[in-house]
Amino acid sequence: MMEEKVSVLVVDDEDRIRRLLRMYLSRENYEVDEAADGAEALEMANMNDYNCILLDQMMPEKDGLEVLSTLREEGDMTPVIMLTAKGEESDRVTGFESGADDYIVKPFSPREVVLRIKAILRRSSTLSSGQNSTSKDLVVFPNLTIDHDAHRVTAEGQEVNLTPKEYELLYFLAKSPDKVFDREQLLKEVWHYEFFGDLRTVDTHVKRLREKLSRVSESSAKMIVTVWGVGYKFEAVE
């Protein structure tokens, strides 16, 4: 039985960057499609089922953040890695809040891009294998339920809309209640960063996660506890 190829959509208005990424990704035996602008990217993403999308943030007319927001609003949860010349923390935060799974600042190493894609694919594969289980994968607390099969979070009966990374962070913490994780551990386990990654990424996601939970359930938001000088834990409330 032949193994299905990994398919990647590369979106960038610079032809040189698209050619460079295609060359490196093809060496990994990935199938590569290209889009030169946001409108073309949306059209191709709607027609094809990609394993990963490399998305340039700064493009004329429809930029990468607009494309990403549209994809997420349409329910497309394909992992997206943002490519951008913007390196400020506020720009990275905006990308993550829009639903990005990862963020790479130009100029970048093509080898690093390949490593990031492989990390995301490993995570996606783990999630898929979990969803194929015959038993329903639920994490249940008095005011909070995480349906891992459906990637759905409800707090006091109301659904909470989370980005993919916010969901993964919540699920990871909730699976091990009362266990403290430092920021380096969370970057490794949730973002799969072995040797790169900004620790503030974790703080930003925790802040956003609490804000979204608190809109429907203050008690659920308080379950994500800061352990000063160490990191974070999920504290089960009886």
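# A tour of the chain, stop by stop

Select strand 4, residues 80-84: the strand is mostly covered, with 5 of its 5 residues buried. Keep in mind throughout that this is a predicted model.

Show the side chains of strand 4. Val-80, Met-82 and Thr-84 point one way, while Ile-81 and Leu-83 point the other way, and all are buried. In a regular strand the side chains alternate between the two faces of the sheet.

Strand 3 and strand 4 run parallel and are joined by 4 bridges. To find one of these bridges, select Ile-53, whose bridge partner in strand 4 is Val-80.

**Ser-7**

Is Ser-7 buried or exposed? Its relative accessible area is 11%, and buried means under 20%, so Ser-7 counts as buried. Leaving out residues up to four places away in sequence, Ser-7 touches Glu-31, Asp-49, Tyr-50, Asn-51 and Cys-52. Look at Asp-49 in particular: the side chain of Ser-7 reaches the backbone oxygen of Asp-49 at 3.4 Å.

**A cis peptide bond**

Move to the loop between strand 5 (102-105) and helix 5 (110-131), where Pro-107 is found. Display the backbone here. The peptide bond from Lys-106 to Pro-107 is cis, with omega near -5°. Most residues other than glycine have a negative phi, and most peptide bonds are trans.

**Two hairpins in a row**

Select strand 6 (residues 138-140) and strand 7 (residues 144-147). They pair in the antiparallel sense over 3 bridges, and a hairpin of 3 residues joins strand 6 to strand 7. Val-140 has Thr-145 in strand 7 as its bridge partner.

Then extend the selection to strand 8, residues 152-155. Strand 7 and strand 8 also pair in the antiparallel sense, over 4 bridges. Leu-144 stands opposite Ala-155 in strand 8. This second pair forms a hairpin with 4 residues between the strands.

Phi of His-151 is near 50°, and His-151 is a residue other than glycine. With a relative accessible area of 34%, His-151 is partly exposed.

Glu-156 counts as partly exposed, at 47% relative accessibility.

**Helix 6 against helix 7**

Select helix 6 (residues 164-175) and helix 7 (residues 183-190). The two pack at an angle of about 115°, with their axes 11 Å apart, and the crossing is right-handed. To see where they meet, show Lys-165, Glu-168, Leu-169, Phe-172 and Leu-173 in helix 6, then Leu-186, Glu-189 and Val-190 in helix 7. Of the residues in this contact, 5 are nonpolar, 3 are charged and none is polar.

Stay on helix 7 and pick Glu-184, which lies in this helix. Glu-184 is partly exposed, with a relative accessible area of 48%. How many residues apart in sequence are Glu-184 and Leu-199? They are 15 residues apart in sequence, and 7.0 Å apart in space from C-alpha to C-alpha.

The next stop is an open sheet of 3 strands in the order 10-12-11, with antiparallel pairing. Strand 10 (181-182) and strand 11 (224-227) stand at the edges; each has a single partner strand, so one side of each is left without a neighbour in the sheet.

Focus on strand 11 and strand 12, residues 231-234. They pair in the antiparallel sense over 4 bridges, and Val-227 stands opposite Gly-231 in strand 12.

**The whole chain**

Finally, clear the selection and view everything. The chain has 9 helices and 12 strands. Of its 238 residues, 49% count as buried. Among contacts in the chain with a separation of 6 or more, 57% are accounted for by residues 24 or more positions apart.

Key:
Residues numbered from 1 in each chain as written. Predicted model: local features only at pLDDT ≥ 70, side-chain atom pairs only at ≥ 80, totals over all residues. Heavy atoms only, no water. Axes fitted to C-alpha atoms, helices over the stretch in contact; angles between N-to-C directions. Left-handed = near helix turned anticlockwise from the far one by under 90°. Contact = heavy atoms within 4.5 Å. Nonpolar A, V, L, I, M, F, W, Y, C, P; charged D, E, K, R; others polar. Pairing = 2+ DSSP bridges. Buried < 20%, exposed > 50% of the residue type's maximum accessible area, 1.4 Å probe, protein only. Polar contact = N/O pair within 3.5 Å; in protein donor to acceptor, adjacent residues only side chain to side chain.
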